[in-house]
Amino acid sequence: MPEMTVIEAVREAIREEMERDPAVFTLGEDIGARGGVFLATEGLLEQFGPERVLDTPLAEASIGGIALGAAVNGMRPIAEIEFGDFIWPAVNQIIGEAARVRYGTQGRRTAPMVLRVPYGGGVRGGLFHSQSIEVAFAHQPGLKVIAPSTPYDAKGLLKAAIRDDDPVIFFEHKRTYRLVKGDVPDGDYTIPIGQADVKRTGSDMTVVSYGLVLHYCLEAAATLADEGIDVEVIDLRTLRPLDTETILESVRKTSKAMVVHEDTKAGGIGGEIAAVIAEEAFEDLDAPIKRVAGPEVPAMPFSPLLEAEFMPSAEKIAAAMRELAAY
Amino acid sequence: MATIGIELPHVGESVTEAVIGKWLKQPGESVEKFDALVEVVTDKVSMEFPAPHTGILKSIVAEEGETVPMGAVIAQMDVDDATAKAAEAASESEAEATAPNRVGTLIQGANVGPTGGTFRDTALEDQIAKRAPVAAVAPAPQQPSGERSYSPVVSRLAAVNGIDLSTVTGTGRNGRVTKQDVQTAIDAGPSTSSTSSTPVTQPGPVGEDLVIDPSPIRRMIASHMVRSVSEIPHAWSTVEVDMTGLVACRTAQRQTFRERHGVDLTFLAFTIYAVAGALRDNPLVNSTWEDGKIRLKGRVNLGLAVAAPDGLVVPVIQDADREGIAGLAKKIAPLVERARSGSLALADVQGGTFTLNNTGTLGSVLGGAIINHPQAAIVTTEAIVKRPVVLSGPQGDSIAIRSMMNICLSFDHRIIDGAEASAFMQAFKRNLEVWTSDSELN
């Protein structure tokens, strides 16, 4: 099984889907001649030509609008928002329109579009190239929201997203692009949207996470295993719809739960998960639900030191795990 | 000289209050440290409390017989300044030693926020390396906590498996009982101190006990009874009633009564009529103890204990003292029917001020009922039985066969003494004995 990075897995998924289905095309800022600022689309222009690999102006609203128009007319666009921080002009096209196509037409029309959105910090991106914005879309019925953490999941889920008939926001954590390597099977495979993955089994507590910090959770869990604390780590992979079954099954087993995300705490996905656990598994809880998340500041700071403070680290997560284990 | 308050000391962890006994020193007397100051009585111990300081007993705050919480000031003493200062310092350090220090264990508070602190111009990695341990962990303090609280899963597992949590050693933070601790206790087998709490719903083999899960109404009755008995000091009184006249009245007029009013002329109607009248004339018996005050009820709403399929229910006849025999009979019949068929409305069971329990229908001749909390009393009417009775007449004593019935009162001794109880019982008895076969039924 070949080993590849997250960015290579993303590129392979796009290439294979474009080869498989002529309705699939991709558009975005600098994705053609430049191959994308992260090189996610490198080589695609050469392979598929300018009709299927579209360089667009720096205008997110039109990227969203073009993708939506193409989608409702039978195409399967993959639009790249260069940085998640710049997605806001396209919110009307995404939430105001795309999310409501199936519902508003009583199922007669669908919008099979994918928005690939690099997000997240820890890359010295400062205030405008680092934000976690996923929860704004995870809140929205009518959308599917994916945030993989490994090359295997990235490829399988991106292929599933492209084949899905509804609008999918596909969040790729920038720092995982070249940081995370992993095995990816040869050939075609998809991973069902809406299924979490138990990345590490354990009996003492359940830690739910996604994206970059999931890897920090796994690091912390490995550290705690040496201390005799057995941590189960769940990778959400999909933020909407949430795989509450996997979460609840695990919490019923361990009776302790913690949610970790890079996004800020108040109103984050951790609150939703905590609420689901409290609603459905209250009688199985042996401790208050813990959240480890970014601090309540408006954006990822630019100072490297402050950025490090902002990011959940394996050390911070391990400390929180010890607290929860000792409760 | 300074005046300081003398506090009742904590004598044991489960003791929260004590009754002040005899003061062994009087105000104005000089007191040596460790002199016996006052007798203190708790439900566990009775002891002489020694004076904590040398000085003069200035005033007594808690009088003999008063119940005071632990830590409350019971007296004022004049002591010299040095003693006063030392006493103040001691109580402060005690307060510090017992206050839970939970804030220091929280990781959120321990971390330096990104907008706080001053960062020196040195290598980033150095800074992070120095900072990391701060975020890592402040060790959880192992202070014993006074009251134990249990997490949902611990409570549930203990209940399902019949584990007495007070016997489980906690290994969690501050000695908290964790799920793992309960699991260990379950694996170790049934706890010896709670032999009866294992719920069994299937009958076991012959010869084995069968433990039943009580129905919710049974549980409610149980807690109601426990509450009544534990809160109300019960006292009892029994009086013999000659029912011969009443029996004759009922026998003679039953037929015409039914024809006139369409309902049966029951003993119950007579009884309620009699008891309602007696309550109207003895308002203390129709009252309730309420936060140290006695509330005399403005209405006589008579609760009637009725055996229903699910358990005891007490439908209420509102304003029972305003009805005649016929009116009561007409009210009773449908109410009892609704009670027996389990179709009582909420209004049927609300507002009772006194309860009548006609245990005689079950063959009982004597009872000691539990008061229907928060009422002041409950009365039972026992079986009417024919007995030889000595009657006094103008021609001297004679023995006759009479229909006799006992009426038994349980009353709240906080409100009612024997005298008031007897007055009520005599009125009740009179109201039952006035009848003859040709009495006019109103």
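I began with how H8(B) and H10(B) lie to each other: they are oblique, a class left for angles that are not under 35 degrees (roughly parallel), over 145 (roughly antiparallel) or 65 to 115 (roughly perpendicular). The axes of H8 (residues 267-281) and H10 (residues 418-433) of chain B come within 8 Å and cross at roughly 140°. Axes here are lines fitted to C-alpha atoms, for helices over the stretch in contact, with angles from 0 to 180 degrees between N-to-C directions.

This is a predicted model, in which local features need pLDDT of at least 70, side-chain atom pairs count only at pLDDT 80 or more, and totals for chains, interfaces and linings use all residues. Residues are numbered from 1 along each chain as written, with chains lettered from A and ligands numbered from 1 in written order.

Next I looked up who meets whom, counting C-beta atoms, placed from the backbone, within 7 Å. On the H8(B) side I found Phe270(B), Ala274(B) and Ala278(B) among them, and on the H10(B) side residues including Phe424(B) and Phe428(B).

Then I turned to chain A. Its open sheet of seven strands runs E3-E2-E4-E5-E7-E6-E12, with mixed pairing; strands pair if DSSP finds at least two bridges between them. I noted that E3 (53-55) and E12 (238-240) of chain A are the edges, each with a single partner strand, so one side of each lacks a neighbour in the sheet. Three bridges join E2 (residues 24-28) of chain A to E3(A), and the two run parallel. There I saw Leu27(A) opposite Leu54(A) of E3(A).

Helices (H or I, at least four residues) and strands (E, at least two) are DSSP runs, numbered from the N terminus.

Notes:
Contact = placed C-beta atoms within 7 Å.
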